[in-house]
Amino acid sequence: MIARYKRHNLIFKRPSGTSRGILTEKETWYIILEEGNKIGIGECGILRSLSFDDRPDYEEKLKWTVENIDLGLEQLWEALRDWPSIQFGLEQAFLSLESDNPFILFPSNFTNSKDAITINGLVWMGEEAFMKEQIDEKLKDGYKCVKLKIGAINFEREIALLQYIRKYFSSEQIELRVDANGGFKPEEAKAKLEELSKLRLHSIEQPIKQHQISEMAALCRDTPLPIALDEELIGITKLDEKAKLLDQIKPQYIILKPSLIGGFKGSLEWIELANQRNINWWITSALESNIGLNAIAQWTYTLQSDMPQGLGTGALYTNNIDSPLLVKNGALWYDNRGVWDESILTY
């Protein structure tokens, strides 16, 4: 087996804001495997400043991985417990190599274009006019679930944007989720959750920064609004530590980003623990290119969740990989009439 890796910087069409700052480009890496006349590809979706494996020796670890590819997926995955994005890239690459079609990792009614995945429409942080423009666009595009990133502008103005939606759409018509990305201070979080709960929101993601276990547990215990853990899961790689975190905080939801928590296997560990504790969950992509998004979407479909998933649309970048993925009426489809840019396989 021949293995190699390649870097690809994704360029945003428009700078996109989070509570951690403005993003103009997104670093990504591909692992490419070749064996005989077959080829496989996987994306290592690292998010600098957020990923657990955001380290200066990241490329060095990728080099070690491809040089030791003959160890096989299982042994490499365990050796890379502290490198979740590389674990995920390897899982994809091996599945891709084994498939008759390198882009079909999990054949299903989704990949046959017979069914779709309901997703939330994501509204990025920014100036009020920009956020309002995005909201109008998502509603026009038929989304039944809209997620707003909050924490970048004045809280009262963010409340006003949510009120703008509720003025025209009830909670039965449009499900509203918000993501604070840890933007609230612990001492102010409860009051802000009280204010947000008046707008009949579905949930709030990560209201306070991660690693404040007792504060987050207290919030989840007495919250007027369901809380979903997101960043809190990053860096927890051992099964017993995952169980301990859920038992300590007792969240209403957890959000699973395969690129950040060890790919499919790491995510399934969280799902099993959550199901045992009656904690619900959904899957979210993390700004991957269409290679990673495709893998996450196909796997997500196999889980048969009835909740809207947080899957991207691939439309953020000027230089994404052409793919059959498309969004229609608030759902992600795999359109068999579309084509992949297969040049990425020999990239």
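Me: I am looking at K250, which lies in the loop between α8 and β10. Why is K250 called exposed?

Reply: Good place to start, and please keep in mind that this is a predicted model. The relative accessible area of K250 is 57%.

Me: Which other residue has a positive phi although it is not a glycine?

Reply: Q206 is one, with a phi of about 40°. You will find Q206 in the loop between β8 and α7.

Me: How do you know that Q206 is buried?

Reply: Its relative accessible area is 0%. Buried means under 20%, so Q206 is on the buried side of that cut-off.

Me: And N112, why is it called partly exposed?

Reply: N112 has a relative accessibility of 43%. The class in between runs from the 20% limit for buried to the 50% limit for exposed, so N112 is partly exposed. N112 sits in the loop between α3 (84–98) and β4.

Me: From which residue's C-alpha atom is that of N112 separated by 6.8 Å?

Reply: That of N336. Along the chain, N112 and N336 are 224 residues apart.

Me: Now to the helices. Which residues of α7 are buried?

Reply: In α7, residues 213–221, they are M216, A217, L219 and C220.

Me: How do you know that they line one face of the helix?

Reply: Look down the axis of α7: the buried residues fall within an arc of 160°, and so they line one face. The other side of α7 has S214 and R221, which are exposed.

Me: What covers the buried residues of α7?

Reply: The cover includes α6 (186–197), β9 (227–229) and α8 (239–249).

Me: Which residues of α8 are buried?

Reply: K242, A243, L245, L246 and I249.

Me: What puts them on the same side of α8?

Reply: The arc again: around the axis they cover only 160°, which puts them on the same side of α8. D240 and K244, on the other side, are exposed. As for partners, the buried residues of α8 pack against α7, β9, β10 (253–256) and α10 (263–276).

Me: Why is strand β7 said to be largely enclosed by the rest of the structure?

Reply: Strand β7 covers residues 175–179, and four of these five residues are buried, so it is largely enclosed.

Me: How do you know that β6 and β7 pair?

Reply: DSSP must find at least two bridges between two strands. Strand β6 (residues 145–149) and β7 have five, in the parallel sense, so they pair. In this pairing K147 stands opposite R177 in β7.

Me: How many bridges are there between β7 and β8?

Reply: Three, and β7 pairs with strand β8 (residues 203–205) in the parallel sense. Here V178 stands opposite I204 in β8. The chain crosses from β7 to β8 through α6, and this β-α-β crossover is right-handed.

Me: In what order do the strands of the open sheet come?

Reply: The order is β4-β13-β12, three strands with antiparallel pairing.

Me: What makes β4 and β12 the edge strands?

Reply: β4 and β12 (325–328) each pair on one side only.

Me: How many bridges join β12 to β13?

Reply: Four, and β12 runs antiparallel to β13 (residues 331–334). The bridge partner of L326 is W333 in β13, and V327 stands opposite L332. In their hairpin, with two residues between the strands, N329 takes a positive phi near 50°.

Me: One last thing: which residues line the second largest pocket?

Reply: The lining consists of D115, A116, I117, T118, T300, Y301, Q304, S305, D306, M307 and Q309. Two or more of the lining residues come from each of β4 (117–118) and α11 (290–303). The space in this second largest pocket is about 150 Å³.

Key:
Residues are numbered from 1 along each chain as its sequence is written. This is a predicted model: local features need pLDDT of at least 70, side-chain atom pairs count only at pLDDT 80 or more; totals for chains, interfaces and linings use all residues. Side-chain values use heavy atoms; hydrogens and water are left out. Buried means under 20% relative accessible area, exposed over 50%, partly exposed in between (1.4 Å probe, protein chains only). The arc is that of the directions from the helix axis to the C-beta atoms. Contact means heavy atoms within 4.5 Å. A crossover is right-handed if, with the strands pointing away from the viewer, the path from the first strand over the helix to the second runs clockwise. On a 1 Å grid over the protein atoms alone, a cavity is a set of points where a 1.4 Å probe fits but cannot get out, and a pocket is an open set with protein on both sides within 12 Å along at least five of seven lines; lining residues have an atom within 4 Å of a point. Grid points are joined across faces, edges and corners, and a volume is the space filled by probe spheres set on the points.
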